[in-house]
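Q: I am new to this structure and would like to go through it step by step. Could we look at it together?

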Amino acid sequence: MNVKTKVQLSLMMFLEFFIWGGWFVTLGTFLGQNLKATGAESAMAYSTQSWGAIIAPFIIGLIADRYFNAERILGVLHLLGALMMYQMYVAVDFAGFYPYVLGYMILYMPTLALVNSISFSQMKNPAKEFSFVRVFGTIGWIVAGLIISYVFLWDSGSSREEGLLKNTFLMVSIASAALGLFSFTLPKTPPKLKTNDKVSISDILGLDALKLLKDRNFFIFFLSSILICIPLAFYYQNANPFLSEIGMENPTGKMTIGQGSEVLFMLLLPYFFKKFGFKNTLIAGMLAWTIRYFLFAYGNAGDLAFMLILGIGLHGICYDFFFVSGQIYTDSKAGDKFKSAAQGLITLATYGVGMLIGFWVAGEITDSYKIGEGVHSWKDIWTFPAIFALGAMVLFAIFFKNEEVEYKE
């Protein structure tokens, strides 16, 4: 891969995740303060990610892989997304906002697979080359958060009261339009399949991999993956509103510590995987969710602010140790025939089913512990996912029999 292509792909990844991180983190805070949305309505908005994840395989499998170059579809989706994002920027109530956030996520979620497809098609050795390109996505997410908190100060208390958080949608609309136009300059990535090749719904959704569920260990892992996504949804939906409500300065910027942690523990994962094995690595990842939420429950923005920072910093262990390890385990169990199908099935189960349930539960719990206008009993709210994650970990620890899984670079 030449330098020009590497720069193009890195910029593509940077913008792809700058766009996601530029509005999704502060969405809950914006909805509650600007649109006066309830917890249930915030759950509806966040659930659009899950609906997008469920619909995405159809867009990729029925269109991208058969009829058009991936970079062209990426461009069209981001240009349409820019229009949707602008409509979110001008919305004045939740009823006017929701159709556009739903439309946007249906357009955006397929682009996550497209940027990977475009990248892999240009690489001779993806195992070695992809991590360099992908890390620019994490950098993009971090930069978006830092800009919101430290450049424009949109998430400060006074700015939130003035309604300036809506500017995140305008910023992302511009970035989405830029990536849409830039996509047409990316290396050509033609369709993988011929138009007359038959592709079944089973192929698209990875349902062929359901055979793997006959394996007891894989079934326990599959079930645990869905269960752990319920507490995961609490973090996405509630972390920024929580930090904002209790008075933490620059909450969005501080939350980028989680992405820095993600990069660090991604580098450390091979060591932990080989030293402690797959089962213990996953248990550590699940236990980290429990610890994180108890830190949130008992920390504050004053003398115990370090507990909140530590909770944010655990993101690398929470995410990498469970989800990345899980992808490696799935790859090892599937074999050559079902690799893609198995990964598709896990994605559908987690980002689709698991988080769809999780966002709904988080909305209900948040509403039930609302004690005043813009005031919640956060200790009670965070205790629920802490205990739930602990229960999921115990279930996994008891019923999953240890087995050797090779870490593949």
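Q: Which helices each supply at least two residues of the lining of the second largest pocket?
A: They are helix H2 (27–34), helix H3 (39–64), helix H10 (216–245) and helix H14 (315–368). Helices here are DSSP runs of H or I with at least four residues, numbered from the N terminus. The model is predicted: local features need pLDDT of at least 70, side-chain atom pairs count only at pLDDT 80 or more, and totals for chains, interfaces and linings use all residues. Residues are numbered from 1 along each chain as its sequence is written, and side-chain values use heavy atoms, with hydrogens and water left out.

Q: Which residues lie nearest the centre of that second largest pocket?
A: Gly32, Gln33, Glu245, Gly374 and His376 do, out of 20 lining residues. On a 1 Å grid over the protein atoms alone, a pocket is an open set of points with protein on both sides within 12 Å along at least five of seven lines, a cavity is a set where a 1.4 Å probe fits but cannot get out, and lining residues have an atom within 4 Å of a point.

Q: And how does the lining of the second largest pocket divide by class?
A: It has 3 nonpolar, 12 polar and 5 charged residues.

Q: Now the largest cavity: what lines it?
A: Its lining consists of Phe24, Val25, Trp141, Tyr235, Tyr236, Met255, Gln259 and His315. By class, 6 are nonpolar, 2 are polar and none is charged.

Q: On to Asn217: buried or exposed?
A: Asn217 counts as buried because its relative accessibility is 10%; buried means under 20% relative accessible area and exposed over 50%, with partly exposed in between (1.4 Å probe, protein chains only). This residue lies in helix H10.

Q: What is Asn217 in contact with, leaving aside neighbours within four places in sequence?
A: Asn217 is in contact with Tyr329, Phe399, Phe400, Lys401 and Glu403, where contact means heavy atoms within 4.5 Å.

Q: What is the phi of Lys36, and where is that residue found?
A: Phi of Lys36 is near 55°, a positive value in a residue other than glycine. Lys36 is found in the loop between H2 and H3. With 58% relative accessibility, Lys36 counts as exposed.

Q: What about Asn250, buried or exposed?
A: Asn250 is buried, at a relative accessible area of 17%. Its phi is also positive, about 50°, although Asn250 is not a glycine. The residue sits in the loop between H10 and helix H11 (251–255).

Q: Why remark on those phi values?
A: Most residues other than glycine have a negative phi.

How values were computed
Ala, Val, Leu, Ile, Met, Phe, Trp, Tyr, Cys and Pro count as nonpolar, Asp, Glu, Lys and Arg as charged, and the others, Gly among them, as polar.
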